[in-house]
Amino acid sequence: MSECVVGVVLTHTREGFSFITKHSFASGEFVCYRFGADRVLARVSYTEPLRDYPVEFLLDPEVDAEAVAVFYGFDTNDYRFYRVHALVVGYFDRRINEFINPRMMPLSGTRIKRVDDTILSDVNRVSAGEVGSAHIGTILGTKTDAVLSVRELVSQHLAIIAATGAGKSYTVGVIVEELILAKNMASVLIFDPHGEYGVLSDIQNDHSFWEEDYRPRVRIVKPNQIKIRLGDLTPGDFISIIDDGNMSEKMKTLFVEAYERLKKDEKRLTQNFTKNELRETIEGLSDGTNESSITGLLWRYDRMVREPIFDDYRSIPLRDYFQPGLLTIMDVSGIGEWKQQWIATILLRHLFDAREGTDNERYSEELRSERYLPHPVFVILEEAHRFAPQSGDAKSKQILKTILSEGRKFGIGVCMVTQRPSKLDADALSQCMTQITMRIINPADQKQIEQSIESVSRDLLAELPALTRGQAITSGVAINTPIIVNIRERRTTQIRGTSKDAPHVWRKHRRDKRSETIETRPSHELDIGV
Amino acid sequence: MVDDDAVFGEVVRVDGVNAYVVKAGFGSSRESGIGEFVGVECGGSVVVCVVTGVERSIPEDVVSLLSFEMESKYLPYSSDLGRSYYLVFGLGVLSRSGVRYGVRVAPQVRSRVWRLEDDAIRKFHLYDGGVSVSYFNRYREALGDDVLLAVVDELWRVLPEAQKMLVPVRKYLRGGGAL
């Protein structure tokens, strides 16, 4: 694409400048101008017509306004110009690999040019196809690739925010595809509350993901395979599960005592314990004065351990779930929300411990090998607002916030996916240093994004309700400047989160039913051809 | 060119390439109103003008004080008080070669002035293959909205095919940008 003049600067303000052009520009598109030897990139924030026809010319839809204008003597060419407002991004300094704002606005008369691929590709920290890149689509209005730096993406966390139907799951699919390609060979886990990511299993049979001897693998963990080992729970965990609101302080004290006694029992060979062992220990605390408390405690404990998710031995096998080139999909659909929170809590707690312990050499192949995890990992949390809600409490919130603030040191990246950012903890959201934000209509959600995402300017956020399906504002550390991206087509099948064509399904269902029904009529209406 | 009977006056003063004062003759059958179209001879062409005003308020005592030499300077105010002096504005030129909006050459003093026939008015407005009043935009400031509204009334009658277009133009001139 050659560099061509498309307009001339009219004036500038403290915030930006405006130029006159006959070309139409969409918000978020880029232009550039010369500043000494440098070319300064600027982003279009909004466009308005330079001149409007008189309102009186527009009142009768039967009469063409342009024809009236010609009749009256206006030069209709004057009405084909736009005044385009733009914000300066800066010129790219290759020494520091960043855009530098010149802090001087272009003067009136400065010629504005359409950007070419060379300058536009500077918005990417990495090039498409290179190791550590994620090609997610093209920059709005161009054919230039939008490429995220995987290194920044997974170490400093990612947020994918979109209203339902805006293409959120689709985008997650694109990110996963990029991560799992041979150029990245990532270790990814998707926490899937709706069971919608199973289609990504296509990845392992899709030759486009293969390279030399590299074959990515996909592991789908079904709800009945997910277990929480009782011994992994802390006394606080137990109490918050079994407390139905009527648990007395005495019961809680007795429980903690039983738990501690069991853990400190030197006759036992491991730190783990079974349901029965803990039950027997609680019973053993009976001294003739606390019968009713013990009975109440046991009743609540039994109710908890009857849940099949709690197991004596089986837990979340981290080393099976996290391996380079492996995508693990934890399908937690059909599991109650509080249990999903517990699963997430235990998973994230183990993960943090494993990565921290491995980095600090507490774990190795020889020493507690089940916790030895010698590579970074990336966890995608769908419906993230359930796990770190803005108001109310969720057991998973604390460990999630710990990982978001400290996970970078230990190579744990989190991708929080939500359609209700206003319900997601603001601190948690602000810790995600790369953001892919798609169409959001709800004003409360827009406000939360504005408050939590510093890297995106207000003019871009104003575009949120107007984004079409598959368009996303991409911002943060994985890219040099915020851009609007047309998300690329997926290699794998469409994820099931699409809307159903209800009228079509109803009609088909009805037709199928009718063909199955034997029609009965009065005998005189039946011509049996005899 | 034009029948002598149709002539209703002559140019007695030229204030600029577009603005002239026309002294109506005694034989003029009726008063002209603003917005009416008149033609002024100018070489072999006709300057199509619109009447923009009329002058009659010439104090007699001032007239009597003027010397003969000063009459030419203060024309038309030095002569017949019973007559009307029309202010006309040249919009364009109608010639054998066609229509041109805008006037580059002013007519001479004593040039004949006559009321334009409907056919000539139509010809002047059927410009460049379509109906046009494009001089409205060009001369809006010089003519003022009241004169242009009077022109619209005149055209409403003469150019019925342009009525659909004249409706928004009239509304625009009346509103003065109020909408």
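Trainee: Which residues have the most contacts inside the largest nonpolar core?

Mentor: A nonpolar core joins buried nonpolar residues through their side-chain atoms. In this predicted model, the largest such core has 78 residues, and those with the most contacts inside it are A:F191, A:L233, A:F238, A:F255, A:F322, A:M330 and A:I343. Its largest share, nine residues, comes from helix α10 (residues 337-359) of chain A. A second, separate core of 54 residues includes A:F30, A:L120, A:V123 and A:V176.

Trainee: What does A:F238 touch, not counting residues up to four places away in sequence?

Mentor: On that count, A:F238 touches A:L230, A:L233, A:F255, A:Y259, A:F273, A:L278, A:Y301 and A:M304.

Trainee: How do the axes of α6(A) and α8(A) cross?

Mentor: The axes of helix α6 (residues 249-263) and helix α8, both of chain A, cross at roughly 70 degrees and come within 9 Å. α6(A) is therefore roughly perpendicular to α8(A). From α6(A), the contact involves A:K250, A:M251, A:L254 and A:F255, and from α8(A), A:S293, A:I294, A:G296, A:L297, A:R300 and A:Y301. By class, this contact has six nonpolar, two polar and two charged residues.

Trainee: Are α7(A) and α8(A) roughly parallel or antiparallel to each other?

Mentor: An angle over 145 degrees counts as roughly antiparallel. The axes of α7 (residues 275-283) and α8 (residues 291-305) of chain A cross at roughly 170 degrees and come within 10 Å, so the two helices are roughly antiparallel. Here A:K275, A:L278, A:R279, A:I282 and A:E283 of α7(A) meet A:I294, A:L297, A:L298, A:Y301, A:D302 and A:V305 of α8(A). The contact comprises seven nonpolar, no polar and four charged residues.

Trainee: Turning to chain B, is B:S111 buried or exposed?

Mentor: A residue counts as buried when its relative accessible area is under 20%. B:S111 has a value of 6% and is therefore buried. This serine is found in the loop between β6 (98-101) and β7 (112-115) of chain B.

Key
Residues numbered from 1 in each chain as written. Chains lettered and ligands numbered in written order. Predicted model: local features only at pLDDT ≥ 70, side-chain atom pairs only at ≥ 80, totals over all residues. Heavy atoms only, no water. Helix = DSSP H or I, 4+ residues; strand = E, 2+ residues; numbered from the N terminus. Buried < 20%, exposed > 50% of the residue type's maximum accessible area, 1.4 Å probe, protein only. Axes fitted to C-alpha atoms, helices over the stretch in contact; angles between N-to-C directions. Parallel < 35°, antiparallel > 145°, perpendicular 65-115°, else oblique. Contact = heavy atoms within 4.5 Å. Nonpolar A, V, L, I, M, F, W, Y, C, P; charged D, E, K, R; others polar. Core = buried A, V, L, I, M, F, W, Y, C linked by side-chain atoms within 4.5 Å.
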